[in-house]
Amino acid sequence: MWRFLGQRFLQMVITLFLFQAATYFLIDAQPGDIADLLTLDPNIPPNERERLRAELGLDRPPVERFFKYIGNFYRGDLGVSFQEYPKPVIDIIEERLPRTLVLFLSANLVSFWVGFVSGKILAWRRGGWIEYTSTIAGVTLYTVFLPWFGLMMIWLFAVTLDLFPAGKFLSPINWLTAPVNANYIFIRMTISAFIALLIAFIGTLLSNRLEPRHRLGARLVSFIVPLAGLVYYWQTSEFGALAWDITSHLILPILTLTLYAYAGTMLITRTSMLETLREDFIFTARAKGLPEKVVRDKHAARTALLPVWTGLIFSLPAALGGGIITETIFSWPGIGLAYLQAAVVEDIPVVMGILTIIGILTLISHLIADIGYAFLDPRIRYH
Amino acid sequence: MTATTTPDATISIPEVPLWRARLLMALSSLRSSWAMFAENPIGLIGLGVIVFYGLFAAAHPILMNTVWDPVVYDPVNGFDIEIAFHPSAPSMRHPLGTDVLGRDVLSQLMFSTRYEFALGMLAALATSIVATTIGAISAYYGGVIDLLLMRLADLVYMMPLLPILIVLGALMDIGMIELAIVLGLLFGFGGTAIVVKSQALSVKVKPFIEAARIAGGSDFHIIFKHMVPNLLPISLLYMMFTVNTAIAYEAILSFFGLTTIEMSWGLMINVTQVFGYLLRFDTWWLLFPASIAITTLCAAFYLVGRALDEVVNPRLRRR
Amino acid sequence: MYSRSKWFVLAGLLVTVSMILAACAPEPVVETVIVPGEEVVVKETVIVPAEVEEEEVSAEGECCDVYRIGIFEDPVSLNYWNYLGPGSSVWTAYVVTGVQAALYGLSDQRWDFVPSLAKDFATIEQVGDVWTVTVEMVDNATWSDGEVIDAHDVVFTHNACSDLKLTSNWPNQCAPLGLTIGAEALDDFTVQYTFPAEPSLGTWQAGVAQAPILPQHFWADTVAASYAFIDGVTEPEADCSAEDLSEADQAACDTYAEAYENARKNLYEADPTGQPSAGGYITEKWELGAFAQRVANDNYYFAGSRVVEYDDGTWMLTLPDGTTWQAYGDATGNEILNFTSGPYAPNIIMSIYGSQDAAFLALADGEVDYVINPLGLARGLREQAERGEGILSYTNADYGLFYIAFNMREYPQSLPGFRQAFDIVIDKEFVINNVLAGVVFPMYSTMPPGNGFWHNPDVPKPYVGLSREERVNMAVEVLKAEGWSWSAEPYWDEDLVDVVPGEGLTMPNGELMHELTILGPGPAYDPIRATFNQWISEWARELGMPVKSELTGFNTILGPVFVDADFDMYILGWSLGNVAFPNYYDDFWHSRNDTAVSGNFNTPGLNSPEYDALVDEFMSTGDLARAQELVYEMQIMLADLRPYIPLFYKQVTDLARNNLLFPYTTVLGGLEQAAGFQTDAQPLFK
Amino acid sequence: MEKSENVLEVENLTMHYTTRKGPVYAVDNVHFSLARGGSLGLVGESGCGKTSVAISLLKLLPENAEILGGAIRLNGTDVVPITETEMRKFRWKNISMVFQAAMNSLNPVYTVEDQILEAMHQHIPHMSEADMKSRIEGLFELVGLDPSFKDQYPHQYSGGMRQRAVIAMALSCDPDLIIADEPTTALDVIVQDALLKQIKLVQEKVDMAMIYISHDIAVIAEVSERVGVMYAGKMAELASTEAIFHRPIHPYTMGLMSSFPSIAGEKKELVMLPGEPPDLLAPPPGCRFHPRCPYATEICQEEEPEFKDHDSGHFAACWHPGGES
């Protein structure tokens, strides 16, 4: 296991290097640079432009800059933003990343769960118009033009029904006297939710060891207890109102992303389930006189989960990229919005930094996919 | 019978030329594939939608040359001077209304359709060519070439597509051709190449490849004459998925104002946004037709792709 | 599944119902009032509120008496050094404005040069071969933390700026036009500047006099740390800008550059938390991506002071203690402005929205009182907001210039007839009124008409009102006179009611005319300029000129135009900045600023000694009246030389809720250009 | 429940598949019974309906299949009309099955023990976990597997081991009847032989009834007391193994016998059956075998022969039994 992890780590470092090289030179090959843009002010003399270019290191040859960049990268320095000079890129990422992660992890978890459950039910009851309409609806959601879909959600839920705020991630009025900043709350929220999830997960795992007749109760308890704990924790916390403020802003973007991502999971699950249902062991399970639900959930869905799991993990970084759209539509100041703004003004260090982060997240999620796969599929063991 | 007539005799046997035999075979396999495809109503719905958009696109030049006055209905430069205020709501004169700059929305929608098709097809073609070549070469040679190409494919597969396109769009002029090529390369080198290669591996061990090799066929000959044709079905399947992704990405890039395409569905929405009509649902004809067109056409290609998947991929075939 | 289909049915129903509701909603009465302003075409749209409901006005803000402003982007930094340095952005400006003090400023609305912390206009004396300017300051102004603002702060800021060679916008504050200007505190409240040349409008009034003053007691340590970087570093003898330097010289130059870079970086990076303010508000909090909070400054020097302006030009300031200062007239005629300085609201929240759409949606919802909108308000948003209840719109002329420029270094763009022919065939009024439905306004002079003091109303507009036939005929005449010829001349066909394009156009040098390109932003970036571009190339083609439009991204235009000076024609726009001192006449058209030569902003490559002479005089004169004459003359000269053909200017429309009372709403460039939009605006709370 | 003498009685069982081209009668009027502890082999060409009989007995029909008529009496209870939920109680408890592709009939993501336990939890809930585990160990030994292998995953087993595990699983709830559908097809000959011996041994030890389905008549001969020969969805002949081998009545059985080399090694002429099995969408009228039957006469084309007893328990459906005309 350790040897495997070591090898994988080395592989990841090499891949990351290649990825950085590819993106760096791809971007470097493009005409124009920030200095032209920044100095588009008649009050700034032309020698200032040259000076700025030198200050930002743009006058060096690309290869030299690249290796300097890589060197700095491994020292934890991603350079400074051109646009927000001299703010370090790493600071920008640090500020933005929690917000994006909260949004996307929750949306992906929810959509994964809902998509998986509905996909397996659809596959179980296949045939007829329900299957066709739901497939077409699923595909339409899957290929929907996301900006439009986001606007429709805003229009329906924020404007017409006025249930949720239309954008932003907090209402300033609630934060005037707040002694802490939003990221502090974000991180606390993430950690507390993570702990609650972990407890629920462990509880579920433990409940599997119980006698079957106690299982359902144990599972319910293992979900309700952490949830109640979470609510109690924030209820009594002095920051409860702030956390609620953020949560209320989270709902709409999460709903949008969930619906969007859900269709993908649903479709994969359905296909995977249909394949699994043809397997002989499903027939065996039925012949054993197991209830349909057990056959579906324990035998079919559990095995069908494998490709879905891979699909989920691989879609995470893509979702991070797709977040650019959602974040723009919902004024959500995360990585995606920062990326779009940086790209438009050619703030190359920020663009590179965020691409690198996406690359790292991709690699990590591939690793998690592999490890998770090993847990899910006993046929695979890493030595 | 003299020796000179012998070759004539062999030739005079009425034999079907090779290309015709191939064509016939292709047709018959097409027919059976079609039968299989037609079993699936989902695929047929998708195909129906695509055909509808095809007719929609084809109708534009006809309308422009017959019913529509080009001055009023030109999708890019048209302007309807008769109407006092633009955007105007749908009417008999403009079935989908006019946009902020006084241009007919229906005309723009129809005009753009052909570009969406062209873009999708071009990107798909590029993907297909790249992926098939890479997959075939990688599978055929194996070893270091395979290793290098597949590592490269992994790397490209890892590239976050939308962010890369956004930064390219911001830094350089991205028109339709550039977009198609970029997408084609990224898809072709990435995921599709990996899939095609695994298919190519199973083709490689087929006896006719060995036969061709023993017969002394060059590598080039074997790859392009024997392997590639057998990879076309799977390639075709992934072309469908490329088409819908290409259209979706074009729309998103245009929506952000990062392309230089003169008229497209995404751009229609972009203009709506630039003029501040995005969140105005009273002028729905500025937002809905283009959005729905993008969504439905993408969905249609995806549906066809899925249906084809069932034809090409025997595991999914119904019993 | 069943529940999902139910959901769709529900959603569909909701969609239908709300569409019907939206269609049937009554539209409020809109009344447009034209306020005759000084040269400024100002339309003020007042919405007669249909019985403003109580809760409508109070909205959410009542709890904390908060003045809520919507902005679109985060400030770059709250550090004022950085703001005038590389971190400048309009958004930063809104959040840090007022943090600095200044000796002089510009009057409200009219942009006259008036004292701020100076007691009066300064005395300028020539002493030997230098000139000194001595300024007496008020002695009772304080920073928000109670420390007195004195001459040492002024000198401290000035010296830091010049000693550390601060970059970007700083040089104009301490070394305008590259002059070395000394500053010295004669006593606690008297500053003396030393100029190597006679102070002009550009160096004194628009330069050092308005330079920011930052608190020495807060920044002293940071600045001292910056000084430490350059301590003992001497300027290398070699000319560092030379191409091939010896290794030793290169090293010296690098060390020198690095020392200053570090010094500046130290200053720009410094944490501004707790920095005292001299303005009405102190920036208290900045929640990244969400909002910035400013709180009222109890020690604001001008709090409660009264500003009065008369239509004879008089500007009058009365401080709370009764002291009055008056200039530019005898206080006769009507009062055109009369307000008392705030701050009124205890808090300002600048709420950051990711997009215009989101911000204006929030305004319509009553989430914010006012949206700062330097990008110009999109039409759809304006229409929508005007229909909303409780929202007022204020329309002002923009201080900007949109134009087509010719590369005068190339043939045939160098030919005056060629450019004149373009001027003739470009029917601005047609494009603007008919195609663009009047979203912008035709422009004839290089000075926007909104800037009343500098705009020359007598710039000739010979082609206004010509028909398309007349334009084509006139252009053909002009070209013929210059020696152009056609194989088939363009002419107006009465039957077709259209122009029959010319063919085979030969240039005066006997060659067939080659293809020319008009670079310009694509419809995605700016549909207005794209539309103009396409019409212009169409009209040029009617004359038989092979001209095509190249609609492209903004970044793609930058290179050929501003770096390589390699283009045929292009269409862009300028935001002109300094209202009081239009030094862009120097930047854009003086021959020494030729992009191809010095990398500066004379993109067309205009090289006219007569024009240069006028600009030089304008830049060096200290006499305002003479400066105005010169600018008038330059406008006429440029209209004739045509390096640019001005196309249009925009109007800025600002939207605010009707519970917000601005000191004045007529201001060039829009409300956010009004100095007092934060401090002097009164949110009326319930 | 009072135990009847026969563990299974099948009467006039008819089952069809609905396809787009029309109904396919995969099991048509099939009739047989099986005594407690007895064993029956079902043999026939592929597609003749053997497996359809098996899945009908378990009522594990695909969506497009339906039992049209007849009765299946398990221990005297007719399971045809009962609901799915009730039927579940019969499965594995009364009737269990070893499948054609036993290689794949174990779920790859659970241990073998888990999969056996699961069935036991379902059907013998009163048994304690520890008892269940020791029972599993006993079963493993019974089928010739090392009990220490029980908490391993299926992919860690060899093909033969997997098949044994499946048999152990089928035995886990002590059923009255086991259906073994081609249990040895995918295995190599030596393993096949060992497994067959084991199955026989197990059957004798635990005293249960067994239906053995195979296209390989040699295999059937080895393990079953009685043999049913199926042709085109119908039972052609049903008799003791000895009778089928030595005195076949139905011409199809006769042909089938001669198409396999005799185990005893007697020299017999190998006769291939001419023609193809009939298309079940449009079966030939009369006797379904007549197009391939060397003895076919007019009546064979017109009227269906009755499935009747020709010689004390030797059933056959033929107009010309034993080739007589």
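Predicted model: local features only at pLDDT ≥ 70, side-chain atom pairs only at ≥ 80, totals over all residues.
Biologist: Which residue forms a salt bridge with D:E182?

Modeller: First, the general idea. Side chains of opposite charge can pair when their charged atoms come close. Here the partner is D:K50, and the closest N and O atoms are 3.8 Å apart. The pair links distant parts of the chain, 132 residues apart. D:K50 sits in helix α1 of chain D, while D:E182 lies in the loop between β7 (177–181) and α6 (189–206) of chain D.

Biologist: And D:K50, buried or exposed?

Modeller: D:K50 is buried, at a relative accessible area of 5%.

Biologist: How many residues of α1(D) are buried?

Modeller: Eight of the nine residues in helix α1 (residues 50–58) of chain D are buried. Besides D:K50, they include D:V53, D:I55 and D:L57.

Biologist: Now another salt bridge in chain D. Which residue pairs with D:E137?

Modeller: D:K150, with the closest N and O atoms 3.8 Å apart. D:E137 belongs to helix α4 (residues 129–142) of chain D, and D:K150 to the loop between α4 and α5 (159–171), 13 residues apart. Look at accessibility next. D:E137 is partly exposed at 33%, whereas D:K150 is buried at 11%.

Biologist: On to sheets. In what order do the eight strands of the open sheet in chain D run?

Modeller: General idea first. Strands of a sheet pair through backbone hydrogen bonds, either parallel or antiparallel. In chain D the order is β6-β7-β8-β3-β9-β10-β12-β11, and the pairing is mixed.

Biologist: Why is one side of β6 and of β11 left without a neighbour in the sheet?

Modeller: β6 (95–98) and β11 (307–309) of chain D stand at the edges, each with a single partner strand, so one side of each has no neighbour in the sheet. From one strand to the next, the twist averages 20 degrees.

Biologist: How many bridges join β9(D) to β10(D)?

Modeller: Six, and the two strands run antiparallel. Find D:R226, and opposite stands D:S240 in β10(D). D:A232 is buried, with a relative accessible area of 5%.

Biologist: Where is D:N29?

Modeller: D:N29 is in strand β2 (residues 22–35) of chain D. Its phi is also a positive value in a residue other than glycine, near 55 degrees. D:N29 is partly exposed, with a relative accessible area of 41%.

Biologist: How do β7(C) and β8(C) pair, parallel or antiparallel?

Modeller: Antiparallel, over five bridges, between residues 123–127 and residues 130–136 of chain C. C:E125 stands opposite C:T132 in β8(C). The hairpin has two residues between the strands, and C:G128 takes a positive phi near 65 degrees.

Biologist: Which residues of chain C are joined by cis peptide bonds?

Modeller: C:G342 and C:P343 form one such bond, with omega about 10 degrees. C:P343 lies in the loop between β17 (335–340) and β18 (347–352). Another joins C:Y411 and C:P412, with omega about 5 degrees. C:P412 is in the loop between β21 (400–406) and α12 (416–425).

Biologist: Last, a helix. What span should α8 of chain A have?

Modeller: At 1.5 Å a residue, the 26 residues of α8 (residues 182–207) should span 38 Å, and the end C-alpha atoms are 37 Å apart, which agrees. An α-helix has 3.6 residues a turn, so residues three or four places apart point the same way. With that in mind, look at the buried residues of α8(A), among them A:I185, A:M189, A:S192, A:A196 and A:A200.

Note on methods
Residues numbered from 1 in each chain as written. Chains lettered and ligands numbered in written order. Heavy atoms only, no water. Pairing = 2+ DSSP bridges. Helix = DSSP H or I, 4+ residues; strand = E, 2+ residues; numbered from the N terminus. Buried < 20%, exposed > 50% of the residue type's maximum accessible area, 1.4 Å probe, protein only. Axes fitted to C-alpha atoms, helices over the stretch in contact; angles between N-to-C directions. Expected span 1.5 Å × (residues − 1). Salt bridge = Lys/Arg side-chain N within 4 Å of Asp/Glu carboxyl O.
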